[in-house]
Amino acid sequence: MPDALEGIKMVEWGAFHAGVGGGYMLGDMGAQVIKVEEPVRGDPLRGLSSLFGQTTVLAGGRNYMFETSHRNKRSITLDLKQPKGKEAFFRLIQDADVFYTNYRLNVLKSVGVDYEQVRKHNPRIIYARATALGSLGPEGHRRGFDPMGMARSGMMWAVGDREHDEPFQIVGGIFDQMAAVELAFGVLAALVAREKHGFGQELEVSILGSAVHLQAVMVNARTLTGRAMARHSRRRARNVMSNHYRCKDARWIMLLEPQSDRFWEDFCRVIGRSDLVTDPRFDTALKRRETYAQLIPILEETFLTRDRDEWLHLFEENKCEFAYCGISDYDDLVTDPQVLANDYLVDFDHPVLGKVKLPGFPIKFSHTPCAIQREAPELGQHTEEVLLEFGYSWDDIAQMREQNAI
C-alpha cells in the first residue's frame, strides 16, 4: 500500500520540540524528512540529560526527548554560515515541498533563510514556522518553551483541585506537542491548497496559540458568558456520576456520565446501594445537584469497599451502559489492552534500544496506513547519503568537509 504522503519531501531546520515535532508525525504518514543540523553540536535536544528532575538518558547516549521529536528523520549536518553549506541547503530546498523551522525571525533573517529568501529558490515551497507567542504584538520576538504556553493560556488555573489556591504545572511538554500537531495540520492544509490552487505559502503556529485552541471550550466559557469555568473539585461535583472516587486499594475510578437520571437506578443497583434510588433526597438529578454534599461522602464510602479493578470488573460483568473508566498511571497505560489493540502504542525494533514500545499514529487510514519509518538519527548520520542523492560526488563531499561546511 502507498503512504499518504509518499513523495512529499520536507526539510527541517529547528531545535527542541515545539513545531518541529510535527515532522515526525508527517514522517509517520510517509513524508521524507531531512533534518539540517549545525555540524558540531546539532540540535540542543541531543544533549538533554534530565527533564523535570528525572534523567532522560537511554542506552547509547540517546535520550527519550530527542527520540520522541525526531523519529522518521534523516540528519544532515550543514553550516549555513559557510557558502558551501548554504549552497547545499538551497539545493535541498529546490527539490523540497516543505521547509519548517522554529527559529526566531531575527535568526532566520541573519542566516538568510527567511521566507522571502527561501521562496526565491522554490516559489511553490510550503514554509512553516513555529513561534512562542505568535509573531505579532509587543512580545512577538520573545523566546519561549512549553511552560510559557501553559502559563499564558490559563491552563495552570484549569488543572488542579478548586480547593487549592495555587497554579499547577503539567509535566511532559504538552503544549510543545500541541504546537507540533498544529504545524503538521497547517502543512497538510497548505499542501492541499497548493494542489488545488498552484501556490506555496508561509504559515505560522505558536505555542500560545495552540494552547488557546486546545482550550476552546474553557475560553469560550469566559468570552461568551463573561465568567471563567471553575476548576473541578471532586467534593463539589454537582453531578455525582461525573466525578472520581478512591477505591480500597488507593487507586481511582472515574465516572463520566452526563445523563445521570437515565442510569441512576442501574448504577445504584450495581454498587449495592439500591436504597439511594428511592431516597427522596437523591431520586432526581435536580435533587442530587442540590444535595451533592450529602451524597458524595456516601459514594466515597461505598467505593472504598472494593479495589478499583473489582469495580471495573463488576461494571463490565453487569454490562453497565453508563460511562466509566479507571484512572490510569503510565504503568497502566503501557499495558492497557485497549491502547494496544488500537496501536496507540506499537512495537518497534530500535537498533540501539532493542525492542521497545512507542506511541503509534493515532489516526487510522483504510488505504494508506501510517507507521514509524525509522528511529531518530545520530548527528549527521545521513549527510553523505543525502548529498549523494542531491547530485554531490564523493570529491565534493570531501571538499565540503575540508571547508567545515558539513
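Q: How many salt bridges does the count come to?
A: The model is a predicted one. A pair counts when a side-chain nitrogen of Lys or Arg is within 4 Å of a carboxyl oxygen of Asp or Glu. By this rule the number of salt bridges is 31.

Q: Which residue forms a salt bridge with Glu 12 at 2.4 Å between the closest N and O atoms?
A: The partner sits in strand β5 (residues 73-77), while Glu 12 belongs to strand β1 (residues 9-12), and the two are 61 residues apart. With the closest N and O atoms 2.4 Å apart, the partner of Glu 12 is Lys 73.

Q: Are Glu 12 and Lys 73 buried or exposed?
A: Buried means under 20% relative accessible area. Glu 12 has a value of 0%. Lys 73 is also at 0%, so by that cut-off Glu 12 and Lys 73 are buried.

Q: How many residues apart in sequence are the parts that Glu 385 and Arg 74 tie together?
A: The side chains of Glu 385 and Arg 74 form a salt bridge with an N to O distance of 2.5 Å. Glu 385 is in helix α17 (residues 383-389) and Arg 74 in strand β5, so the parts tied together are apart in sequence by 311 residues.

Q: Is Arg 129, which meets Glu 204 in a salt bridge, buried or exposed?
A: The N to O distance between Arg 129 and Glu 204 is 3.4 Å. Glu 204 is partly exposed, at 34% relative accessible area. Arg 129 has a relative accessible area of 5%, which is under the 20% cut-off, so Arg 129 is buried.

Note on methods. Residues numbered from 1 in each chain as written. Predicted model: local features only at pLDDT ≥ 70, side-chain atom pairs only at ≥ 80, totals over all residues. Heavy atoms only, no water. Helix = DSSP H or I, 4+ residues; strand = E, 2+ residues; numbered from the N terminus. Buried < 20%, exposed > 50% of the residue type's maximum accessible area, 1.4 Å probe, protein only.
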